Amino acid sequence: MSAFLKLVLLISLFHFGSAARTLSETSSDQTQQPSLKFQYHNGPLLSGKFSINLIWYGNFKPSQRAIVSDFITSLASPPQSKPTSGQPSVATWWKSIEKYYHLLSSKKQYSLSLSLGTQILDDKYSLGKSLTARQIQQLASKGAQNYAINVVLTSSDVLVDGFCMSKCGSHSSSSSSSHIRGKTQKFTYIWVGNSETQCPGQCAWPFHQPIYGPQGPPLVAPNNDVGLDGMVINLASLLAGTVTNPFGNGYYQGPKEAPLEAASACPGVYGKGAYPGYAGNLLVDPTTGASYNAHGSNGKKFLLPALFDPSTSTCSTLV
């Protein structure tokens, strides 16, 4: 296949889903400035103190839930046992999101604070093992709907419309059941699936051999769980998109129906020197051989995607 045809295929796959962590984000090189201009579309960004509520749907071990909850906790605080000075952290990665707020021309001061909220377990598969987008929204509504981001996480044995076909997760918004001053409020939510048994080569790269594209050896997952470490990558990407483009009129480039957002504008890039099939120059744990680029709470290590820097129009990495 010619290089041109490969590029056309990659672009067509990338634009298949709206506000979603799409499959092609696992192998594209965006270390240079993206071809489309990143724009602010005059809508609100999330601002204030927000809780991230986790809705666990299906079978998850306590150790798996701890991987995600420790990631969320790490967003607001540096690692408890500090590594060598200068080591990258999840909090440092997230702090770069502030650049989007600094660019707002409004005189009002915007700030965002995130914390881990409640965790809801639905291990009885109350809606079955095959879910639609509407059912994902229904599950998301179980969490608090005021100053909250509700995250639905589906286990490896749950099928979701579009999962592994066009996306690895998505974010959206919905009308709240509560009313404030007579006005219907909106809340934001995220869905991420565990791809371990369904499509790890698509949604858990670089921790699994890719289904298509350059075939490099998979990396060792930092928490020794290909499915959950892959979920963290997708959750991180979608969380960045949620806060900077919560209602479809914030920061993004390209068409509104298939926007490239803060992280999805930099697909497949995790460290400097990334190119198709190669995640970049990452840190390696000398004991386990695991690859990562950020330290987190409770001694956890994570691999997080590059974020588009709106002030320089480049993809910024931690390492």
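Here are legends for several close-up views of a predicted model.

A few ground rules first. In this predicted model, local features need pLDDT of at least 70 and side-chain atom pairs count only at pLDDT 80 or more, while totals for chains, interfaces and linings use all residues. Residues are numbered from 1 along each chain as its sequence is written, and side-chain values use heavy atoms, with hydrogens and water left out.

View 1. Helices (H or I, at least four residues) and strands (E, at least two) are DSSP runs, numbered from the N terminus. Of the 319 residues, 52% are buried, where buried means under 20% relative accessible area, exposed over 50% and partly exposed in between (1.4 Å probe, protein chains only). Take the contacts (heavy atoms within 4.5 Å) with a separation of 6 or more: residues 24 or more positions apart account for 73% of them.

**View 2. The largest nonpolar core holds 50 residues.** Such a core is a set of buried Ala, Val, Leu, Ile, Met, Phe, Trp, Tyr and Cys residues joined through side-chain atoms within 4.5 Å. Phe71, Leu75 and Ile149 touch the most other members. Elements that each supply at least two residues include strand S3 (48-57), helix H2 (62-74), strand S9 (183-193) and helix H7 (226-244). H7 gives the largest share, nine residues. Look around phenylalanine 71 and, beyond its neighbours within four places in sequence, you'll find Val90, Trp93, Val232, Leu235, Ala236, Phe302 and Leu304 in contact with it. A second, separate core has 18 residues, among them Ile55, Tyr125, Leu139 and Cys203.

**View 3. Helix H7 is largely enclosed by the rest of the structure, as 18 of its 19 residues are buried.** From first C-alpha to last, H7 reaches 28 Å, close to the expected 27 Å (1.5 Å times one less than the number of residues). Asparagine 224 sits in the loop between helix H6 (200-203) and H7, and at 72% relative accessibility it counts as exposed.

**View 4. Asparagine 150, in strand S6, is buried at 0% relative accessible area.** Its side chain makes a 2.9 Å polar contact with that of asparagine 53. For the record, a polar contact is a pair of N or O atoms within 3.5 Å; within protein, one must be able to donate a hydrogen and the other to accept it, and residues adjacent in sequence count only if both atoms are side-chain atoms. Leaving out residues up to four places away in sequence, asparagine 150 also touches others, including Ile55, Ala140, Phe187 and Tyr189.

**View 5. Aromatic rings form 13 pairs here.** Rings of Phe, Tyr and Trp (its six-membered ring) pair if their centres lie within 6.5 Å; planes under 30 degrees apart count as stacked, over 60 as edge-to-face and the rest as tilted. Tryptophan 93 and tryptophan 94 make a tilted pair, 5.8 Å centre to centre with 40° between the planes. Tryptophan 93 is buried at 4%, and tryptophan 94 is buried at 8%. Elsewhere, Phe38, Tyr40, Tyr100, Tyr251 and Phe308 form one aromatic cluster.

**View 6. Lysine 129 lies over the face of tyrosine 125, 4.6 Å from the ring centre.** The charged end of lysine 301 sits over the ring of tyrosine 292, at 5.5 Å from its centre. The cut-offs are NZ of Lys or CZ of Arg within 6 Å of the ring centre and within 35 degrees of the ring normal.
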